[in-house]
Amino acid sequence: MGGFFGSRASNPISELEIIFREGGDPVQQATDWARAALSESGIDPNKKPVAATKVLRDKEPALKLEVAAYLIKKIRQST
């Protein structure tokens, strides 16, 4: 039996390593990119986490739902 997302859940960090592979720390690159994307869109992830997740997925279609949610969680925890 799988975890919360079932047996098909991906590891967000592994997914980010694939999408953001251009040098440096992929998690930091992805977090910086996500902050910029949200700032550009005017969405506050602390007030509208679902809308923020949609913004990220619209801007980068390769992001799976759980990976976008992971980025939003990281941003919310650091503010």
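The model is predicted: local features need pLDDT of at least 70, side-chain atom pairs count only at pLDDT 80 or more, and totals for chains, interfaces and linings use all residues. Residues are numbered from 1 along each chain as its sequence is written, and side-chain values use heavy atoms, leaving out hydrogens and water.

**Stop 1: Thr31.** Select helix 2, residues 26-41; Thr31 sits there. Helices are DSSP runs (H or I, at least four residues), numbered from the N terminus. Thr31 counts as buried because its relative accessibility is 5%. Buried means under 20% relative accessible area, exposed over 50% (1.4 Å probe, protein chains only). Beyond neighbours within four places in sequence, Thr31 contacts Leu71, Lys74 and Ile75. Contact means heavy atoms within 4.5 Å.

**Stop 2: helix 3.** Select residues 49-59; the buried ones are Ala52, Thr53, Val55 and Leu56. They lie on the same side of helix 3, because they cover an arc of only 155° around the axis. The arc is taken from the directions from the helix axis to the C-beta atoms. Now select Val50, Lys54 and Asp58: these exposed residues are on the face turned away from the buried side. The cover over the buried residues includes helix 2 and helix 4 (65-77).

**Stop 3: the core.** Select Leu16, Leu38, Leu56, Leu63 and Leu71. Of the 16 residues in the largest nonpolar core, these touch the most other members. Helix 2, helix 3 and helix 4 each give two or more residues to this core. Such a core is a set of buried Ala, Val, Leu, Ile, Met, Phe, Trp, Tyr and Cys residues joined through side-chain atoms within 4.5 Å.
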